[in-house]
Amino acid sequence: MATHPGPLTAAPPAIRTSRLVRRFGEREVLREIDLTVGAGEFTALLGRSGSGKSTLLRALSGLDHGVRGSGELAVPERVSLSFQDSRLLPWLRVLDNVVLGLGGRRAEDRGREALAEVGLAGRERSWPHELSGGEQQRAALARALVREPELLLADEPFGALDALTRIKMHGLLRELYERHRPAVLLVTHDVDEAVELADRVLVLEEGRIAVDLAVDLPTPRSRRAPRFQEYRDRLLTALGVHPEPVPSEKNDA
Ligand SMILES: Nc1ncnc2c1ncn2[C@@H]1O[C@H](COP(=O)(O)OP(=O)(O)OP(=O)(O)O)[C@@H](O)[C@H]1O
């Protein structure tokens, strides 16, 4: 199980930070983070509660005006954000939410296509409150996709969903990723979610990246496969959790 060797593509990286520091009062939450995420790379970010995951994501999304810090960061022009709460505007219909701020004659067509891709064809004229939690998250994914992002920053996008809906959303996100290939940085508390979806997993600890692990498993990934469990156990151990054994499947890789 190798540590991450670094991006392989020749395209410019989707994220590059150099000695990135963010502090609140006396507390240095991010401590000289050097991070490069390659174009099209799916990376998950784990860490204990309060380790600074959202602080890093906010810094990358440019939403942390007023937070003290130093260092350098570079991200592409087209960055989409997705959060635990779908953040659809309640006074706009679903399609209008998806295309909000998009210019051009084809915006509506592209919005419809994106809604179809996430399984919401026919719901264009619905109001956000008429959608279930999972459907709202799918609409939020469509809103992110329609901007053709080079980088998707996702902060616990499935955190508020029930277990079954989460599983469906995992499949959908990975499928959309494989079709569109943005770089993804997914913040999650869920180690299984990280290993299932990402090709690289980082663990943030005390303001530094303590683990940088390449996940070399074919997709779709079975959580019961012994190699999946090796990754999971290694990450749980890094997070200070004693891993529980999971019954294995005979025919899994
Ligand atoms: N606006 C703020 N003012 C003061 N302290 C803050 C602020 N935002 C975050 N912090 C502190 O910075 C630390 C890191 O917070 P952050 O939200 O980045 O952690 P996290 O790893 O995303 O946590 P969680 O997994 O619980 O969401 C925490 O101790 C938090 O209290």
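Before we start, a convention: Ala, Val, Leu, Ile, Met, Phe, Trp, Tyr, Cys and Pro count as nonpolar, Asp, Glu, Lys and Arg as charged, and the others, Gly among them, as polar. Please keep in mind that this is a predicted model.

**Exercise 1.** Describe how the chain is divided and what the domains bring to their contact.

*Solution.* Domain 1 covers 1–78 + 151–253, and domain 2 covers 86–148. Their centres, taken over C-alpha atoms, are 26 Å apart. Twelve residues from domain 1 and eleven residues from domain 2 take part in the contact. On the domain 1 side, helix α5 (residues 163–180) supplies the largest share, six residues. That side has eight nonpolar, two polar and two charged residues.

**Exercise 2.** Work out how helices α4 and α5 are oriented to each other.

*Solution.* Take the axes of α4 (residues 133–145) and α5: they come within 11 Å and cross at roughly 15°. Angles under 35 degrees count as roughly parallel, and α4 and α5 are therefore roughly parallel to each other. Their crossing is right-handed. Now list the partners: Gly133, Gly134, Gln137, Arg138, Leu141 and Leu145 in α4 meet Thr165, Lys168, Met169, Leu172, Leu176 and His180 in α5. By class, this contact holds five nonpolar, five polar and two charged residues.

Definitions and conventions. Residues numbered from 1 in each chain as written. Predicted model: local features only at pLDDT ≥ 70, side-chain atom pairs only at ≥ 80, totals over all residues. Domains from an automatic or database assignment. Contact = placed C-beta atoms within 7 Å. Helix = DSSP H or I, 4+ residues; strand = E, 2+ residues; numbered from the N terminus. Axes fitted to C-alpha atoms, helices over the stretch in contact; angles between N-to-C directions. Parallel < 35°, antiparallel > 145°, perpendicular 65-115°, else oblique. Left-handed = near helix turned anticlockwise from the far one by under 90°.
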